[in-house]
Amino acid sequence: MDAFTAGILQRIESTRSDLDHARRTGDDYLAEVELAELEDLHRLAAEHGVPISAA
């Protein structure tokens, strides 16, 4: 796995965790920010052929 792929996957994992935390704590604004970041990361991954698990 190259550094770009590893970096994107790590950022997605981190953002998913942050999104989950924001939702658990009821921080709606932060949840929206994290969701937008996650969508951007998924788009970037797709543009570069990086497979993303659905989990």
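Leucine 30 is partly exposed, with a relative accessibility of 30% (buried means under 20% relative accessible area, exposed over 50%, partly exposed in between, with a 1.4 Å probe and protein chains only). The model is predicted: local features need pLDDT of at least 70, side-chain atom pairs count only at pLDDT 80 or more, and totals for chains, interfaces and linings use all residues. Residues are numbered from 1 along each chain as its sequence is written, and side-chain values use heavy atoms, with hydrogens and water left out.

**Leucine 30 and the surface**

- Leucine 30 lies in helix α2, residues 28-47 (helices are DSSP runs of H or I with at least four residues, numbered from the N terminus).
- Together with Tyr29 and Val33, Leu30 forms a nonpolar surface patch of about 290 Å² accessible area (patch residues have over 30% relative accessible area and no salt bridge, and nonpolar side chains are joined within 5 Å).
- From C-alpha to C-alpha, leucine 30 is 26 Å from proline 51, and the two are 21 residues apart in sequence.

**The nonpolar core**

- The largest nonpolar core has nine residues, among them Ile8, Ile12, Leu38 and Ala45 (core residues are buried and joined through side-chain atoms within 4.5 Å).
- Helices α1 (3-24) and α2 each supply at least two residues of this core.
- Beyond its neighbours within four places in sequence, alanine 45 is in contact with Ile8, Ile12, Val50 and Ile52 (contact means heavy atoms within 4.5 Å).

**Threonine 15**

- Threonine 15 is in helix α1 and is buried, at 6% relative accessible area.
- Apart from neighbours within four places in sequence, threonine 15 is in contact with Glu34, Glu37, Leu38 and Leu41.

Technical notes. Patch = residues over 30% accessible without salt bridge, like charges linked within 9 Å, V, L, I, M, F, W, Y side chains within 5 Å. Areas by Shrake-Rupley, 256 points an atom, 1.4 Å probe, with all protein chains shown as cover. Salt bridge = Lys/Arg side-chain N within 4 Å of Asp/Glu carboxyl O.
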